[in-house]
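This report describes the fold, the packing and selected residues of one protein chain. Please read it alongside the sequence and the structure shown here.

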Amino acid sequence: MLMIISLLSGALFGLGLVVSGMIDPAKVQGFLNVFGNWDPSLALVMGGALLVFAPGYWLWRRQGRQQCALGAELPEVPAPVIDKRLLLGALIFGIGWGLVGICPGPALGLLGSFQWQAGLFVVAMLCGFWLVGKTQR
């Protein structure tokens, strides 16, 4: 049941990315261009997602629940640590996102467009995942 709910949740999330336009690199770059022709519509998408998620999560935790609806343990949220690795990773991610207008979640949805740039991005992303796994041992 957990796998089915996970698949449906992922599909719903992906559909939301497509419908909202978050898989369109030009729209994302318009959102990131705050000093030019700024497109605030993706901020509304993100805010809408938080408005749906936050009250339910808050209520769930307020009731003292430690498990999700299907019984799996909710992970503890670690205390935030702002260190050199976090800042460097955020910088690299931000530069890449700004240059091409694609981030990991929408990149998978963009694969369906059969654009070679999306395939190249996903290959580079997987190589990055592999490289991080190798360097953190």
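Which backbone oxygen does the side chain of W38 reach? The side chain of W38 reaches the backbone oxygen of F31 at 2.6 Å, a polar contact (a pair of N or O atoms within 3.5 Å; within protein, one must be able to donate a hydrogen and the other to accept it, and residues adjacent in sequence count only if both atoms are side-chain atoms).

## Basis of the model

The model is predicted: local features need pLDDT of at least 70, side-chain atom pairs count only at pLDDT 80 or more, and totals for chains, interfaces and linings use all residues. Residues are numbered from 1 along each chain as its sequence is written, and side-chain values use heavy atoms, with hydrogens and water left out.

## Overall architecture

The secondary structure of the protein chain comprises 6 helices and 0 strands, where helices (H or I, at least four residues) and strands (E, at least two) are DSSP runs numbered from the N terminus. In order from the N terminus, the elements run α-α-α-α-α-α. The C-alpha trace spans about 45 × 40 × 30 Å along its principal axes.

Of the 137 residues in the protein chain, 15% are buried; buried means under 20% relative accessible area, exposed over 50%, and partly exposed in between (1.4 Å probe, protein chains only). The chain exposes about 10500 Å², of which carbon and sulfur atoms supply 75%; accessible areas come from the Shrake-Rupley method with a 1.4 Å probe, and for residues only the protein chains shown count as cover. Among contacts (heavy atoms within 4.5 Å) with a separation of 6 or more, residues 24 or more positions apart account for 32%.

## The loop between α2 and α3

W38 is located in the loop between α2 (25–32) and α3 (41–62). With a relative accessibility of 41%, W38 is classed as partly exposed. Apart from its neighbours within four places in sequence, W38 is in contact with G30, F31 and N33. The C-alpha atom of W38 is separated by 30 Å from that of G128, 90 residues apart along the chain.

The search of the whole structure finds 1 salt bridge, defined as a side-chain nitrogen of Lys or Arg within 4 Å of a carboxyl oxygen of Asp or Glu. In a salt bridge, the side chains of D39 and K27 meet at 3.2 Å, N to O. This pair links distant parts of the chain, 12 residues apart: D39 belongs to the loop between α2 and α3, and K27 to helix α2. D39 is partly exposed because its relative accessibility is 22%, and K27 is partly exposed at 23%.

In soluble globular proteins, nonpolar side chains tend to be buried together. Here the largest nonpolar core has 14 residues, and L42, W97 and L110 have the most contacts inside it. Such a core is a set of buried Ala, Val, Leu, Ile, Met, Phe, Trp, Tyr and Cys residues joined through side-chain atoms within 4.5 Å. At least two residues of this core come from each of α2, α5 (104–110) and α6 (116–135), and α6 provides the largest share, 3 residues.

S20 lies in helix α1 and is buried, with a relative accessible area of 18%. A polar atom of the S20 side chain lies 3.4 Å from the backbone nitrogen of M22. Leaving aside neighbours within four places in sequence, S20 is in contact with K27, L42 and V45.

## Surface patch

M1, L2, I4, I5, L8 and L70 make a nonpolar surface patch of about 600 Å². Patches consist of residues with over 30% relative accessible area and no salt bridge; like charges are joined within 9 Å and nonpolar side chains (Val, Leu, Ile, Met, Phe, Trp, Tyr) within 5 Å. L2 is found in helix α1 (residues 2–20) and is partly exposed at 47% relative accessibility.

## Two further loop residues

Most residues other than glycine have a negative phi. F114, although not a glycine, has a positive phi of about 60 degrees. F114 lies in the loop between α5 and α6 and counts as exposed at 75% relative accessibility.

D83 is placed in the loop between α3 and α4 (84–100) and is partly exposed at 33% relative accessibility. The side chain of D83 reaches the backbone nitrogen of L86 at 2.9 Å. D83 and W60 are 23 residues apart in sequence, and their C-alpha atoms are 31 Å apart in space.
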